[in-house]
Amino acid sequence: MRVISYNLRKHAAIGELSDLIAEHEPNLLCLQEIDTDRMPDDLGPMHLADATRGNRLGLAIYYHHERFAALETKAFSLKRSLHDVIAKPAHERLLGTLLYDRKHEREVVIGSFHAAPLTALNSLRRTQIHAAHEALDSFGAELPTLMVGDFNYPWFQEFLSSTVQRSGHEVTLSDARTYTRYKFFRGHFDFATSIGMALTTVQTLPQGVSDHMPILVNAEHAEVA
C-alpha cells in the first residue's frame, strides 16, 4: 500500500492534494492541520473516512475506495502539553481507521497522528506515541497497524526507536528531512511507526507551501513482504 502523510500548515497546502494524488497514486492519505469544516468528501479516487471534529485544525484520513472499505473510525484525545492547555489548539491528536483491504482480504489499522509541539518535552511526545499505539490497538491488538504523521521529534530519535520497539512497533524515518523552515528546527519531523507491516520505503516529497514536506510510505503486510 502507498500512504501519503502531510501536515498542511493550517490548511494552507490543501490545493496541492489533487496533484499529489495524481502523481503518486496513494491508496491512503493521512493529513494534519486541516480545516475540518472545509474538507471535501472526495479527492479524486480518494474518499474521506473521517476527520476530527473537536478542534478546527485537525486530522483526516482518506482511502482509495477501490482498494479499501472503511469499517470504523475513532478520534482520540492524548495527554496534553502546556501549550494545549493554554492555547487549546487541538485535543484530538490521533485519528484511527479500521479498513478492509480488498487486495489482501484482511483488516488493517491506519492512524493519522500529530504530536505536541516543540514547546513540550520529548518525554511527553513519547507518552503520546505510546498512548496512540494503545488506542489503535482498540480496533484489534493483533491487526497490522501503520501510524503516520507529524511526530515533532527531530532529535534523539534513536532513543525513541528503542523505546517504541519495546511494544513491538518500529520507527521508520524518511530518506530526507521533512522540515527545513527554520535554521535550528530542521530534521525528520514526519515519519511512521508500524507493527505487523514491512515498510519498504519512506520517501520525502518536494516541499510545497507548507513548512512540512509530505512523505510517501510504501508498506506491505509483513507475511507477504
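## Aspartate 35 and its surroundings

Set aside the neighbours within four places in sequence, and aspartate 35 is in contact with His11, Arg56 and Leu57. This description rests on a predicted model. Aspartate 35 belongs to strand 2, which covers residues 28–35.

Is aspartate 35 buried or exposed? Its relative accessible area is 8%. Buried means under 20%, so aspartate 35 counts as buried.

## Salt bridges

How many salt bridges does a search of the whole structure find? The search finds four. Side chains of opposite charge can pair when their charged atoms come close.

One of the salt bridges joins the side chains of arginine 38 and aspartate 35, with an N to O distance of 3.6 Å. Aspartate 35 is buried, whereas arginine 38 has a relative accessible area of 54%. Exposed means over 50%, so arginine 38 counts as exposed.

Another salt bridge is formed by the side chains of aspartate 50 and arginine 53, at 3.5 Å from N to O. Aspartate 50 is partly exposed, with 25% relative accessibility, and arginine 53 is exposed, with 56%. The side chains of glutamate 72 and lysine 74 also meet in a salt bridge, at 3.9 Å from N to O. Glutamate 72 is partly exposed at a relative accessible area of 36%, and lysine 74 is partly exposed at 25%.

## The nonpolar cores

In soluble globular proteins, nonpolar side chains tend to be buried together. Here the largest nonpolar core has 22 residues. Which residues have the most contacts inside this core? They are Met1, Val3, Leu28, Ile110, Leu146, Leu199 and Val217. At least two core residues come from each of strand 2 (28–35), strand 5 (57–64), strand 7 (92–101), strand 8 (106–114), strand 9 (145–150), strand 12 (197–204) and strand 13 (215–221).

## Contacts of isoleucine 110

Isoleucine 110 is one of the residues with the most contacts inside the largest nonpolar core. What does isoleucine 110 touch, leaving aside its neighbours within four places in sequence? Its contacts are Met1, Leu28, Cys30, Ile61, Leu95, Gly96, Thr97, Leu99, Leu136 and Leu146. Among them, Met1, Leu28 and Leu146 are also listed with the most contacts inside the largest core.

How values were computed:
Residues are numbered from 1 along each chain as its sequence is written. This is a predicted model: local features need pLDDT of at least 70, side-chain atom pairs count only at pLDDT 80 or more; totals for chains, interfaces and linings use all residues. Side-chain values use heavy atoms; hydrogens and water are left out. A nonpolar core is a set of buried Ala, Val, Leu, Ile, Met, Phe, Trp, Tyr and Cys residues joined through side-chain atoms within 4.5 Å. Buried means under 20% relative accessible area, exposed over 50%, partly exposed in between (1.4 Å probe, protein chains only). Helices (H or I, at least four residues) and strands (E, at least two) are DSSP runs, numbered from the N terminus. Contact means heavy atoms within 4.5 Å.
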